[in-house]
Amino acid sequence: MGAQDNTRELEESVVTDFSDRMSYGGYLDLGTLLSAQRPLSDPEHHDELLFIVQHQTTELWLKLVLHELTAACRWLQQDELGHALKAIARVKHVQKTLADQWSVLATLTPSEYVEFRGVLGNSSGFQSWQYRAVEFTLGNKNAAMLKVFDADPAAQTMVRAALEAPSLYDEFLRHLGRRGYPVPEEIRSRDVTRAWTFRPDLVPVFTAIYADAQTHWSAYETCEELVDLEDNFQLWRFRHLKTVERIIGMKGGTGGSSGAPFLRRALDLTFFPELYAVRTQL
């Protein structure tokens, strides 16, 4: 018996002429996308491409996260809770992908990274305007961050919009108020440009929801979805910290931060503290 031909015949219906048709590469603008990886090391260091792709793909996922969180806020404004929960569910899946990506960058050893770290100059993930907008949309707001983007007005406009808009948590609390839950008016009308801080007067509201989940299922489910968001975000922060420690140890960051110690302090930041405090009360 002769060797079997290890090829797959092209079906006659498969389109092969794209002279006047939309192609896969055309729809995705792959010419632009795949030409955006431009290592600066000279001679080009083999591992710089990994570093660039890691951060560019992170930015693409952050673009989707921001898209979904913005939509979730809008749907909560309209009391379309089901639509908002669908958007949040998608964000949760993206968060898992983002956390897993750190394992790819962790294959970069200290001796490999030091070969091209100098070409980064002062560029740093700290300067990611999409990350900052996501963080603001979740409630960790800090107006002082705007000055980081003084040299990029378009980026600053995006971050400012996230700063000045109600956060996802703000919109959820307003939704609860419209549904008859006793969320204090002071909270519903608060200055949304300020970072969220723990409000003990909210804990009884959530305690009542959790104590009778069946009666308050929609609110209860949303609370748990928000807890998932925070857990996933903290896991991302932790994986970031451990990857940095693995690659550069206790060196300072390229953007001027202290590096790992700066990232470690971020683990103390919280988005929805009352949803954790309620667990102590039950």
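Reply: Happy to. D29 lies in the loop between α1 and α2, where helices (H or I, at least four residues) and strands (E, at least two) are DSSP runs numbered from the N terminus. This is a predicted model, so local features need pLDDT of at least 70 and side-chain atom pairs count only at pLDDT 80 or more, while totals for chains, interfaces and linings use all residues. Residues are numbered from 1 along each chain as its sequence is written, and side-chain values use heavy atoms, with hydrogens and water left out.

The backbone at D29 deserves a glance: its phi is positive, about 50°, although D29 is not a glycine. D29 counts as partly exposed because its relative accessibility is 41%; buried means under 20% relative accessible area, exposed over 50% and partly exposed in between, with a 1.4 Å probe and protein chains only. D79 also has a positive phi, near 60°, in a residue other than glycine. You will find D79 in the loop between α3 and α4 (81-105), and a relative accessible area of 34% is why D79 is called partly exposed.

A polar atom of the S23 side chain lies 3.0 Å from the backbone nitrogen of G26. Between S23 and F51 there are 29 Å in space, C-alpha to C-alpha, for 28 residues in sequence. Another backbone detail to check is the peptide bond from D42 to P43, which is cis with omega near 5°; P43 is in the loop between α2 (30-33) and α3 (48-77).

Now step back to the whole chain. The protein chain has 13 helices and zero strands, and its C-alpha trace spans about 75 × 55 × 45 Å along the principal axes. Of its 282 residues, 41% are buried. Among contacts (heavy atoms within 4.5 Å) between residues at least 6 apart in sequence, 70% join residues at least 24 apart.

In soluble globular proteins, nonpolar side chains tend to be buried together.

L229 is found in α11, and a relative accessibility of 1% is why L229 counts as buried. Setting aside residues up to four places away in sequence, L229 touches L69, I88, V91, K92, Q95, L138, L168 and F272.

Not counting residues up to four places away, F206 touches Y169, F172, L173, L176, C223, E274, L275 and V278. Helices α10 (residues 203-211) and α13 (residues 273-281) pack at about 65°, their axes 9 Å apart; axes are lines fitted to C-alpha atoms over the stretch in contact, and angles run from 0 to 180 degrees between N-to-C directions. From α10 the contact uses V203, F206, T207 and Y210, and from α13 it uses E274, L275, A277, V278, R279 and Q281. The buried residues of α13 are P273, E274, L275, A277 and V278, and what covers them includes α8 (168-178), α10 and α11.

One last stop is R132, in helix α6 (residues 129-137). R132 counts as buried because its relative accessibility is 7%. The side chains of R132 and E135 are joined by a polar contact of 2.7 Å, meaning a pair of N or O atoms within 3.5 Å; within protein, one must be able to donate a hydrogen and the other to accept it, and residues adjacent in sequence count only if both atoms are side-chain atoms. An α-helix has 3.6 residues a turn, so residues three or four places apart point the same way. Beyond its neighbours within four places in sequence, R132 is in contact with F126, M145, F149 and V159.
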